[in-house]
Amino acid sequence: MRQGNTIWNPERECAGREEMRRWQGQQLTAMIERMYNHVPFYKKKLREKGIEPGDIRSVDQLELLPFTTKEDLRDNYPFALFTVPQSDVVRIHASSGTTGKPTVVGYTRKDIETWAEVVARSLAMAGIHRGDTIQVAYGYGPFTGGLGLHYGAEKIGATVIPTSSGNTRKQLQFMTDFNATVLACTPSYAAHLGESIRKEGIDPETVKLRAGVFGAEPWSDEMRRQIEKLFNIRAYDIYGLSEVIGPGVSMECECQCGNHIFEDHFIPEIIDPDTLEVLPDGAIGELVFTTVSKEAMPLLRYRTRDLTRLCREKCDCGRTLVRMEKCLGRTDDMLIIRGVNVFPSQIESVLMDMSETSPHYQLIIRRENNLDTLEVRVEISEQNWSDSIRELETIRRCIMQNIKSMLGISATIKLVEPNSIQRSEGKAQRIIDYRQ
Ligand code: DLL
């Protein structure tokens, strides 16, 4: 085992496989009983499969259980999936989504404690501890980022600066004046903050950050390197979704080889999104979670629409928790351009791998004469913005060729001036699809 960061809960995070499976099985049995007895929606779904409480005793039987989808959450808006009376619900979060009703999530006091525990484990994984000062620049509100990180950071005894998102100048002032050692926000906002240090005339030496906890949107390893360079820090990936709990479903350790899933609370599966068949470890597919310990709103085989793969090989950090690879993207963000499946993260890898481009880009998709077209708008970095048409043309051609060789499709590349693409303070909006 590597001697490094503290393992917050070694009993759970380093449990043997059999011990973990036994624990998951017990929790699953109890969860199904709660769901069956308190939620008509689940009772109906379980009965349709011929399942009664007590029938499910082991995680091996997960495959027998029905799936839950985002549509199910919307159909049961706002509280019909709660397994506890509303008087036991101490917090409600909601995720806005782009269309229709928001998805609502409720938490009992114990759920809030579980959430703080998994975020505390996550921060410890990144070597963060009491004595650190964490600037939480995720949005505070119905979005789970701000309050999720906040409670976990307080649990480990760190000092929290709850800046929420936005107001970049104030963020930088607090970061330097209060000696923040950790920044938590979306990777796109981190990139913007990093660039703003120099623009605001701040001496980078006065920035004391040493780690970043970034997530809530897909980001490539190339983007990670850019952010690490901008701040001179180590950047860690935190994953989560409000329906399951919020941030802290999985987190990267110091080995940075995938995110460890807190599987004592959230049992993962990978399925083929078309056939719904369970796929073996190592295969890419849709991530599904069963939240065995949650009280207010447990979820049975919830389809996240996130695409990734699982790995159970031993990790050098000593944790035995299964790992998920960095998310490739969401099934609903996958663009089908002239029949080819394209994930924005693939294009990001190409762009961020080049030193001339900045971490700000947009993908514009149109349909012209029944043919899909992809335009990639990318900002050139300040130091590479040139008056020479020839130099810019060389960069443009290079991006075009690299995208063609990675994806097999041609894209129009439009180089735009530094600072011309709108910056995001939360999740970046990178796709403009005029076909919809
Ligand atoms: O984004 C929770 C969160 C807050 C996670 C802060 C990490 C940090 P939602 O708004 O419900 O919750 O969005 C969940 O965001 O299904 C993924 O598609 C995406 N996502 C979250 N974390 C990552 C990540 C929060 N690290 C949806 N990498 C999820 C890639 C991520 N995608």
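Guide: S424 sits in the loop that runs between β20 (412–416) and β21 (431–433); strands here are DSSP runs of E with at least two residues, helices are runs of H or I with at least four, and both are numbered from the N terminus. This is a predicted model, in which local features need pLDDT of at least 70 and side-chain atom pairs count only at pLDDT 80 or more, while totals for chains, interfaces and linings use all residues. Residues are numbered from 1 along each chain as its sequence is written, and side-chain values use heavy atoms, with hydrogens and water left out.

S424 counts as buried because its relative accessibility is 15% (buried is under 20% relative accessible area, exposed over 50%, partly exposed in between, with a 1.4 Å probe and protein chains only). Its side chain makes a polar contact of 3.0 Å with the side chain of S188 (a pair of N or O atoms within 3.5 Å; within protein, one must be able to donate a hydrogen and the other to accept it, and residues adjacent in sequence count only if both atoms are side-chain atoms). The S424 side chain also reaches the backbone oxygen of G426, at 3.0 Å. Neighbours within four places in sequence aside, S424 is in contact with S188 and Y189 (heavy atoms within 4.5 Å).

Next comes the ligand. Of the 20 residues around the ligand, D237, I238, S242, D306 and K427 come nearest (near means a heavy atom within 4 Å). A polar backbone atom of I238 lies 2.7 Å from a nitrogen atom of the ligand. An oxygen atom of the ligand is 2.5 Å from an N or O atom in the side chain of S242, and for the side chain of R330 the corresponding distance from a ligand oxygen atom is 2.9 Å. On its own the ligand has 600 Å² of accessible area, and the protein covers 93% of that (Shrake-Rupley method, 1.4 Å probe).

The elements that give two or more residues to this shell are α6 (144–155) and β7 (234–241), and β7 gives the most, with 5 residues.

As for α6, its 12 residues should span 16 Å at 1.5 Å a residue, and the end C-alpha atoms are 17 Å apart, which agrees (the expected span is 1.5 Å times one less than the number of residues). Buried residues in α6 include T144, L149, H150 and A153. Just after α6, G157 takes a positive phi of about 90 degrees.
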